[in-house]
Amino acid sequence: MSKYVISYWEPEVSDFWLSKGKGTANRNLWISIPALLLAFAVWMVWSVVVVNLPNIGFKYSTNQLFWLTALPGLSGATLRIFYSFMVPIFGGRKWTTISTASLLIPAIGIGFAVQDPNTSYPTMLILALLCGFGGGNFASSMANISFFFPKAQKGYALGMNAGLGNLGVSAVQFVVPLVITASVFGGLGGDAQAWVKGAETKQMWLQNAGFIWVPFIALTTIAAWFGMNDIASAKASFAEQAVIFKRKHNWLMCWLYVGTFGSFIGYSAGFPLLTKTLFPDVNPLQYAFLGPLVGALARVAGGWISDKLGGAVVTLWTFIVMVAAVVGVIAFLPHGAGTGSFSGFFWMFMLLFAGTGVGNASTFRMIPVIFLTERQRAAAGKGAPAQAQAVVEANKEAAAVLGFTSAVAAYGAFFIPKSYGTSIAMTGSPDAALWAFIGFYVSCIAITWWFYARKGADMPC
């Protein structure tokens, strides 16, 4: 057996956790976090690139630009369905290495494609789809980390992995506007493009939006290969994991996680272009990174809060806040002859991002608790061996559900930007899309209260 494979892993046993488990779990977590951060950066890079394409000579319509923003969400969400089941099949170390290395393909491809305004639109669409590799990584990353930590610390661990990993969205929207203003790689990075807006002209190296991540991806791939571990007891075939499709709570949590993570990633993808479309005098790249930053940090805090208060009650109040925030966004939009209020629009979105971050953590805190409780109930009265096996089965099911729910929710990265584009094309305003989001959040409030948060709920968590 490889030295990287752990044959005995019992994080719920206090002596084992304190003597060996904690150090190993934290090492895997702290390699997983930068790998996931880079994955999110590559996944969301088009949210920044599309804002600059028209100014360097690419002749795309607003709807075509929204398609480029939305397609990474579509492919990333679809890949997550498959990535959800990869860790128990291949092992966390091997799969993290493979999935991180795959990010090199779109990062390098974008760097070359944006240097030529004659690059065909279908080529750009393919590169946007390939950025879905970054989106897929989240499912396997969260499933992997869930195996390493005891129940009492899963909220913290998953919150840290996802929250700091989500910072990749903020990082790409903060770093890219800086690095495209200079020849970071000299002659190796290619020539500058002429950026033109009205009478203003300047040099831009938009290829750096892709190239800047390449050395970091390479280093993190090496760190994953030599620094992470596979857990032998986490091995499971697809057939063994597929039992989750029979579990009611898998589908309910998919719905709720669409409302939290689906909203976070969808708003992150669409916020820069939506801002540019509604408030043309505002430079969206000065502000775009702040929303994902708020959401990511709120997720870290949300994991800790949910460990203390319980995931369900935190999730319930999060959706209530999100409804209020979207109503606020609508109130500050330009309507008719009115120009709207960018400051009001911005701050309502910051509240919305904060809500998605806390909700991301609280829903993911709910999942391990739900499936452990369900399996322990089924094993009640059957003796210690059955109870021990229940914990093993619960961990495998929870890991698969964490991955699968994240796959379903990731479609928000496609549907939210596309909803904006469709609503604007049909009505001239994003209002219709935003009212639809409110309706969805109300359904999430009802599900959370009935199944998880009310007194006498079927699965209090």
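**View 1. Surroundings of threonine 448.** In this predicted model, threonine 448 touches Leu256, Ala312, Thr315, Leu316, Phe319 and Ala453, when residues up to four places away in sequence are not counted. Threonine 448 itself belongs to helix H19, which runs over residues 431-453. Because its relative accessibility is 0%, and buried means under 20%, threonine 448 counts as buried.

View 2. Among the contacts in the chain with a separation of 6 or more, 84% are accounted for by residues 24 or more positions apart.

**View 3. Overall dimensions of the chain.** Taken along the principal axes, the C-alpha atoms fill a box of roughly 80 × 50 × 35 Å. The radius of gyration of the chain is 22 Å, which agrees with the value near 23 Å that a compact globule of 461 residues would have.

**View 4. Surface and charged side chains.** The chain exposes about 17,300 Å², and carbon and sulfur atoms supply 69% of that area. Its side chains include 27 that are positive and 15 that are negative, and the centres of these two sets lie 4 Å apart.

Key. Residues numbered from 1 in each chain as written. Predicted model: local features only at pLDDT ≥ 70, side-chain atom pairs only at ≥ 80, totals over all residues. Heavy atoms only, no water. Rg over C-alpha atoms; globule rule 2.2 N^0.38 Å. Contact = heavy atoms within 4.5 Å. Areas by Shrake-Rupley, 256 points an atom, 1.4 Å probe, with all protein chains shown as cover. Lys, Arg positive; Asp, Glu negative; His and termini not counted. Charge placed at Lys NZ, Arg CZ, Asp CG, Glu CD. Helix = DSSP H or I, 4+ residues; strand = E, 2+ residues; numbered from the N terminus. Buried < 20%, exposed > 50% of the residue type's maximum accessible area, 1.4 Å probe, protein only.
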